[in-house]
Every structure is written in structure tokens, then in C-alpha cells.
Amino acid sequence: MTSLPLIPVDPDAPGRRPKMPPRHLADLDLSGRQELVTELGEPGFRAKQVSNHYFGRLVRDPAEMTDLPAATRERLAESLLPRLLTPVRELACDDGATRKALWRLHDGSLVESVLMGYPDRVTVCISSQAGCGMACPFCATGQAGLTRNLSTAEIVDQAVYLAGVAASGAVAGSPPRLSHVVFMGMGEPLANYARVVAAIRRLVSPAPEGLGLSQRHITVSTVGLVPAIRRLASEDLSVTLALSLHAPDDDLRDELVPVNQRWKVSEVLDAAWDYAARTGRRVSIEYAMIKDVNDQPWRADLLGRLLAGKLTHVNLIPLNPTPGSRWDASPKPVEREFVRRLRAAGVSTTVRDTRGREIDGACGQLAAAQDQDTDVSREAMA
């Protein structure tokens, strides 16, 4: 087994703090927005009007805010709605039902979001960090390392933008309203704890405070930061916790998920069961199926014993290999046997719907491809 050192996970630490983006209304609660508007010499209710446009109508173009005085539209939009995300590349597949967006942030960092349309719902997968410091070797984002935490508004703006795409009718065969958000994009959400929790509160608060989604339709993924899981359980939120386990034994998980060198499988699962007990929410166990690495029958049996009788569900993920990686997806017969053994142990198990393989669907792949294209362009100009 190779022991992989953890990359530092606190980019906000003194001495290495990156320049954060300009303040945006999504960084503030409604009262904070009202104070800002008052400082600009405008009546406080203007904050509610702009917030209704952004969260209620999914509009950010001042020209469309016709209930605001023409003389103040641009100034209010400039102060409350600065551009945070610049589209770099947008790709679609699955007959338009899956759309992946690559964004450039104000400092040049790249992040990704994915919109997925289904007959009964529209889900967006959003990023919480530029890069990731967890160093999981089979993950494209983990291979890239951590650049910085995203601001609350940078997180929220991904969902609002893609909610607008859904509302435009661009996702044929799906409802026109965004209903689900999963924090499973780039980054470890619980390593950017305060901003992620603030973003959740914006997403679930009704307009004009926020986007008005159901708490039960928000999923927060983590590799297992035990203190943060326990802290999240005390937030009085009914979001789903998704634990990226990927191995039931410490020897292998130490390699696949290096944070396991700090918090072992038993500690992580204990925190997850405490979360389920306090919130009443079923914990989702995420398990990437990696050929000849973690897909052996005995590991399925061990996982079944660990999870039997718990408020949990296993989500098996066919690995989407990253370019040049030695990791590959498990063969389908192996995957089916893994499912069979878990179900025989009484553990609810499904295999995740595979989306976006032809558009660099795995987290971090599109950003990595963009970086490679940029490097090639620079070499060509040299």
C-alpha cells in the first residue's frame, strides 16, 4: 500500500489567503443586502427587488429589471450582482439531458457544474472548491490539488445559472424548474464548511432570500471529515449526507481516500450514523467500483456487515476513468455480483446512472482538458 500525504486543505489560512471575488448579494442574507443598498443611498426595499430578480426570476441583466428606476439599475446590479462565473465551455450529451459547464472565476481558477434532466426532476451538481486537497488518486480533481475555497455566492451562482437553463426549456423531457442540488462537484464541501452551509441556506430559503428548494433535495458529499460531519448534524438542516467510502477496510481506504489515515472507517461510519439519528435522514454511501481494486466479493460481504440494519443506502458508481489513469471501471458481471451480495445482506443498493462520459463527465476532467489546451496554445505561441 502507498501512503499518500494529504495536501493542505485550508487555503484561507493566514499567509496563504487568496483574493476572494467581489461581494455578491448571495453572500449576504436579506438584511445584509438591505444595509448595502442603504449605504448606496437607495431605499432598503431595492434589495428585495434585485433579490427577487436574481432568485425568483433567475434574471441578472439590469435591462430586464424594469421595476427599478432606470437611473439606478446599472449601479445596483454592479454592487449586488457582479459577474462571478464566466462560461469557458458548455457541452451537452444524452440528447441534451446532461449539460456540463466549465467556468473561469475572477482569478482564473476553473470550476465545473453539471445539469442533469430526468422525467421527474432536474438536478445540478455544483463545486465548492477550485480543485481539491483530499488527494484521492482515482479522482481527476484530487490529482490537480487545491487552488482555493469558493465564496458562498460562487457556489450559489452555479445553481442559479443552471436553474435558468432549465427554466428556458433547454432540457427537453424534464420539468422546467430546478429541484435538486448535489454538492458532488469539484472540492470537498466540508473543507469549506462555513461557506457551504451558508450556500445551503441560500438555496433552501424562499425568494427573495434564496432559491426556495427543499432541504431534503440537497445532498452534501464528503470523504469523511468527522468533526465537520458532527457539526453539520447540529445545524438543524435536513439535507442528505453522502459519504464517499470507496472501501470497507482501512488498509485499502488509506490509499484510495488518504484522509482515512486520520479518521478510520469505524470513526467515519459512527459519525454518519449519528448524523442519521439526529436528522432522520438516510445516509448515502458512495462507492466507486474500481476494477481489481475494491470490487472483490469479500469486500462486498464486509461492506454488507458494516451497513446491515443502518439507515443507509449504497450508491455504486461505475468509475469514469481519467486520461492516463491506471484505474478502470469494474466489469459489469463483477458489479452485478457486488450488488447481489449487498442486497443479500439486507442493504439497499443501486448503481448510479452513468451520465456524461463523452463530455469529460467525471469531476475535474473538463477543467484538466482546458488546462491542457491552454498549455498547448502557450507552447504553440512560444
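This is a predicted model: local features need pLDDT of at least 70, side-chain atom pairs count only at pLDDT 80 or more; totals for chains, interfaces and linings use all residues.
Two residues are said to be in contact when heavy atoms of each lie within 4.5 Å. Apart from its neighbours within four places in sequence, Asn 192 is in contact with Ser 128, Gln 129, Asn 149, Leu 150 and Ile 155. Asn 192 is located in the loop between strand E7 and helix H6 (193-204). Its relative accessible area is 3%, and because the limit for a buried residue is under 20%, Asn 192 is classed as buried.

The protein chain contains 12 helices and 12 strands. Of its 382 residues, 56% are buried. Among the contacts in the chain with a separation of 6 or more, 69% are made by residues 24 or more positions apart.

In soluble globular proteins, nonpolar side chains tend to be buried together. In the present model, the largest nonpolar core has 101 residues. The residues with the most contacts inside this core are Leu 178, Val 181, Phe 183, Ile 200, Ile 218, Leu 225 and Leu 256. Helix H5 (residues 152-167) provides nine residues, the largest share of the core. Residues are given to the core by both domain 1 (25-81) and domain 2 (86-359), so the core lies between the two domains. The surroundings of Ile 218 can be described in detail. With neighbours within four places in sequence left aside, Ile 218 is in contact with Val 181, Phe 183, Ile 200, Leu 203, Val 204, Leu 213, Val 239 and Thr 240.

Strand pairing was examined next. Strand E3 (residues 110-118) and strand E4 run antiparallel and are joined by five bridges. A hairpin of two residues connects E3 to E4, and Met 116 stands opposite Thr 123 in E4. Strand E4 also pairs with strand E7 (residues 180-183), in this case in the parallel sense and over three bridges. Here Thr 123 stands opposite His 180 in E7. Four of the five residues of E4 (residues 121-125) are buried, so this strand is largely enclosed by the rest of the structure. Arg 121 lies over the face of Tyr 118, at 4.0 Å from the ring centre.

Strands E1 (residues 86-93) and E2 pair in the antiparallel sense, with seven bridges between them. Within this pairing, Leu 91 has Lys 100 in E2 as its bridge partner. The two strands form a hairpin with four residues between them, and Asp 94 in the turn has a positive phi of about 55 degrees.

The structure holds four aromatic pairs. In one of them, the ring centres of Trp 103 and Tyr 161 are 4.7 Å apart and the ring planes stand at 80 degrees, so the pair is edge-to-face. Trp 103 belongs to strand E2 (residues 98-104) and Tyr 161 to helix H5, so this pair ties together parts that are 58 residues apart in sequence. Trp 103 is buried, with a relative accessible area of 0%, whereas Tyr 161, at 26%, counts as partly exposed.

Phe 138 and Trp 327 form another edge-to-face pair, with 6.5 Å from centre to centre and 75 degrees between the planes. This pair links distant parts of the chain, 189 residues apart. Phe 138 is in the loop between strand E5 (129-131) and helix H4 (140-144), and Trp 327 is in the loop between strand E11 (312-318) and helix H11 (332-344). Phe 138 counts as buried at 10% relative accessibility, and Trp 327 counts as buried at 6%. Arg 326 lies over the face of Trp 327, at 4.0 Å from the ring centre.

Backbone geometry was also considered. Most residues other than glycine have a negative phi, and most peptide bonds are trans. A cis peptide bond, with omega of about 10 degrees, joins Ala 207 and Pro 208. Pro 208 lies in the loop between helix H6 and strand E8 (218-222). Leu 58, a residue other than glycine, has a positive phi near 60 degrees. Leu 58 is placed in the loop between helix H2 (45-56) and helix H3 (70-80), and it counts as partly exposed at 23% relative accessibility. Asp 292, which is not a glycine, has a positive phi of about 60 degrees. This residue occupies the loop between strand E10 (283-289) and helix H10 (297-307). Asp 292 is exposed, with a relative accessible area of 62%.

Terms used
Residues are numbered from 1 along each chain as its sequence is written. Side-chain values use heavy atoms; hydrogens and water are left out. A nonpolar core is a set of buried Ala, Val, Leu, Ile, Met, Phe, Trp, Tyr and Cys residues joined through side-chain atoms within 4.5 Å. Buried means under 20% relative accessible area, exposed over 50%, partly exposed in between (1.4 Å probe, protein chains only). Domain bounds come from an automatic or database domain assignment. Rings of Phe, Tyr and Trp (its six-membered ring) pair if their centres lie within 6.5 Å; planes under 30 degrees apart count as stacked, over 60 as edge-to-face and the rest as tilted. A charge sits over a ring if NZ of Lys or CZ of Arg is within 6 Å of the ring centre and within 35 degrees of the ring normal. Two strands pair if DSSP finds at least two bridges between them.
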